[in-house]
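The following exercises are each set out with a worked solution. Please study the sequence and the model before reading on.

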Amino acid sequence: MTKELDATVFRNGFLNSFDFVLTDCDGNCTAVLMMLMAFRVLWNRNEAIPGAKETINALQDRGKTVIFVTNNSSKSRYEYHRKFEMLGFKASVPDPMPEIEDWYNWVTNELELDSEVGAVVVGFDQHVSFPKLVKTVSYLKDPDCVYIATNVDEQFQTDLKHLVIPGTGAVIRAVETVCGRTPILLGKPAKFLYDCIKHQYPDLDPSKGIMIGDRLSTDILLGKSIGLRTLLVLTGVSDLDEVERCSNSNSENEQRMVPNYYLPSLADLGQLMGVIQ
């Protein structure tokens, strides 16, 4: 049952119910497509969502560990750090968790690769082409070739309502159809990303954490899968109609996408905390 995070819920010990926060950042796309996107948890394009900076910084000031998680494999954590600084968010260099470095470290440290190609990593590519698909599925014909996917996001939200922008999941499904193989998933909602966070923060207790995000199938599902409370912000991909559909679904997986709380935006949490008027 999803309920709005209102003043009554807040007064009944909401802030004291968690010690750490996982929060989504932006969408999974390149700079060119970002011009069309409308992903809004912490920022939209190169502007912070009103109230997001104040809310996140206030959570940190009150002793909460804030960990930034994203499915965007097109930026390094250092590029993210520069963006956090530019937009006024408090973040040290190790904090942002874009999976591009996580899968790189995992491949180089955990896999014994052949001198030839021993692994294929499929992420977002706005220049995907038939020759690239041919090469990818040809490598994966070898059952010993490891198949890795950065994320399976279905599509990007855009301000242009007549457009549908396919996400990485569209490419993943094309490869799966041809080679008949399911990839090792590294991004949300896979547990791998949280395992990386636990390696950096070994004392995290899921019962004392909350996941903030805008997409039910990635952010909220990840939070539910690892035992966190979840907060959906309605400034991005998912809306309350989707929440209702999942609530009424007979699918166990869709039931797990139902968040504990929702808010119109992070600014509303800032108002409840008294840091935004």
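A residue is buried if its relative accessible area is under 20%, exposed if over 50%, and partly exposed in between (1.4 Å probe, protein chains only). The model is predicted, so local features need pLDDT of at least 70 and side-chain atom pairs count only at pLDDT 80 or more, while totals for chains, interfaces and linings use all residues. Residues are numbered from 1 along each chain as its sequence is written, and side-chain values use heavy atoms, with hydrogens and water left out.

**Exercise 1.** Describe the aromatic pair formed by Phe 68 and Phe 84.

*Solution.* Step one concerns accessibility: Phe 68 has 0% relative accessibility and therefore counts as buried. Phe 84, at 0%, likewise counts as buried. Step two applies the pairing rule: rings of Phe, Tyr and Trp (its six-membered ring) pair if their centres lie within 6.5 Å, and planes under 30 degrees apart are stacked, over 60 edge-to-face, and the rest tilted. The rings of Phe 68 and Phe 84 have centres 4.2 Å apart and planes at 40 degrees, a tilted pair. Step three places the residues: Phe 68 belongs to strand β5 (residues 65–70) and Phe 84 to helix α4 (residues 77–87), so the pair ties together parts 16 residues apart in sequence. Helices (H or I, at least four residues) and strands (E, at least two) are DSSP runs, numbered from the N terminus.

**Exercise 2.** Determine how helices α3 and α12 are arranged and which residues meet.

*Solution.* First, take the geometry: α3 (residues 52–61) and α12 (residues 266–273) pack at about 50 degrees, their axes 8 Å apart. Axes are lines fitted to C-alpha atoms, for helices over the stretch in contact, and angles run from 0 to 180 degrees between N-to-C directions. Second, classify the angle: α3 and α12 are therefore oblique to each other, given that under 35 degrees is roughly parallel, over 145 roughly antiparallel, 65 to 115 roughly perpendicular and the rest oblique. Third, list the contacts (heavy atoms within 4.5 Å): Ala 52, Thr 55, Ile 56, Ala 58 and Leu 59 of α3 meet Leu 266, Ala 267, Leu 269, Gly 270 and Met 273 of α12.

**Exercise 3.** State how many helices and strands the protein has, and what percentage of its residues count as buried.

*Solution.* The protein contains 12 helices and 14 strands. Of its 277 residues, 51% count as buried.
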